[in-house]
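This briefing concerns the chain contact, the nonpolar core and the annotated segments of the model shown below.

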Amino acid sequence: MDIFAQAYQWVNLKYLLEGLWVTVEVSVISILFSFIIGAIFGLLRYMKIKYLSMIVGFIVDIIRNLPLLLIIFFTYFGLPNVIGVRFNTLWATIIAMTVFESAMLAEIIRSGIMAVDSGQMEAARSNGLTYWQTMYHIILPQAVKKMIPPIVSQFISLVKDTSLATIIVLPELMFHAQVIYGQNTNFMIPMFLALAVLYFIVCYLLSVLAKFLDRRLSKA
Amino acid sequence: MFDIFANYGGQLWSGFGYTLLSSLYALIGSLVVGTIFALFEISPNKVLRVIGHIYVEIFRNIPLLVIAMIFYIVVPQYIAKIDGFTAGTIGLTIYTSAFIAETVRAGIEGVPVGQMEAARSNGMSYGQSMIHIIMPQAIKIVVPPLGNQFINLVKNSSVLAFLAGFDLMYQGNVIASTTFRTTDTYFAVGLLYLIITLPMSYGMRYLEKKWSAERSED
């Protein structure tokens, strides 16, 4: 038990919380970016615009089917050779997460819209609404209900996946824990316990939010 | 990119093999473990339900990397020596099984309650109704999302690169750091991942379309 008291002294806890802050920061920024890009790509793919939708669909399918870790490596080590600019670890992570999560979200958003019965669109159009009016007033409100639970679980994955950025030495939660038990291997178990608890709290809160939204939306 | 294949093809394909192998072990393992915990979660026994629920919530909400690292560095220190490949595969199995448990549970609950009641009132036992009536219907609901879990599993197996698991990502990094040709190497690695994941992804989309059409015809 002594070990636990030593491992959880304030200096270490503060260091862990600083890591958690970076994790949250990266997650929130990536969630915002990827939601916007994902929504645009999802809609573009759904709308079946000649060539454009096909190209978007192709890109989305390729990215969705690659490991995020590969995309992180590529953004940090490969991309500078192509575009000549090197990102710091924070922005490399945010860019990689945004690229990957946008593709995942685009697919969720597209299939959410597709899940709305096509009769709805036909009925609204034949009642004189324009395509965009129908989209905005009829289709999207129904689609959003179906999308919210998978979108929130995707956000939970995103938070967990930020831990992969330890490999490019992003100073997030996982990396800070490794630094601490690297200095004293006796702190290994307390640190992994702390990691499990901290990630669990963040992700579990998100999943409670998802359930809450799901219940409210299905009542409405 | 093609000369990376020409010069380091052996290394890449060996990584490809380890990625496939780890994914296959974890797939079988997580399917078994996940189904057991799904049955726990819907069991009439309250203790089992709580155990199932706790297992799923814990492992769904902790990063795979944390679980895998526990097996890679904590377990060898205190319990038993295991190599990176094994540690990673165990981590993958546990992590994925939590998601599979949720998918299977949702599938079983997607079968109307009347089916179970009808089977039971026709004299079948709980186990018999589960095997002959509920499961066959649940499978069609469950297979497309399970397929997506397996695609995630293959992608997630790249976590073995952290653990010296000799998988595709690991070999890719070795080649990238010896040749300094990062862009070409990562393209080659990406191509090999897509060979596994893209056909699965399109296959699942096809099944999903086919079976949901069948269901709405009924």
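Helices (H or I, at least four residues) and strands (E, at least two) are DSSP runs, numbered from the N terminus. This is a predicted model, in which local features need pLDDT of at least 70 and side-chain atom pairs count only at pLDDT 80 or more, while totals for chains, interfaces and linings use all residues. Residues are numbered from 1 along each chain as its sequence is written, and chains are lettered from A and ligands numbered from 1 in the order in which they are written.

**Annotated segments**
- The unreviewed UniProt entry annotates residues 20–44, 51–77, 89–109, 163–181 and 187–210 of chain A as "transmembrane region"; such annotations may be inferred rather than shown by experiment, and their positions follow the numbering used here, with feature names shortened.
- Residues 89–109 of chain A are 100% helix and 0% strand, with the end C-alpha atoms 29 Å apart.
- Residues 51–77 of chain A are 85% helix and 0% strand, and their end C-alpha atoms lie 32 Å apart.

**Contact between chains A and B**
- Chain A contributes 28 residues and chain B 30 residues to the contact (C-beta atoms, placed from the backbone, within 7 Å).
- On the side of chain A that touches chain B, helices H3 (52–64), H4 (68–83) and H9 (188–219) of chain A each supply at least two residues.
- H9(A) gives the largest share of that side, 10 residues.

**Nonpolar core**
- The largest nonpolar core has 119 residues, and A:Leu70 and B:Ala68 have the most contacts inside it.
- Such a core is a set of buried Ala, Val, Leu, Ile, Met, Phe, Trp, Tyr and Cys residues joined through C-beta atoms within 7 Å, where buried means that 20 or more other C-beta atoms lie within 10 Å of a residue's own.

Conventions:
Two residues are in contact if their C-beta atoms, placed from the backbone, lie within 7 Å. A residue is buried if 20 or more other C-beta atoms lie within 10 Å of its own, exposed if 12 or fewer, and partly exposed in between; C-beta atoms are placed from the backbone.
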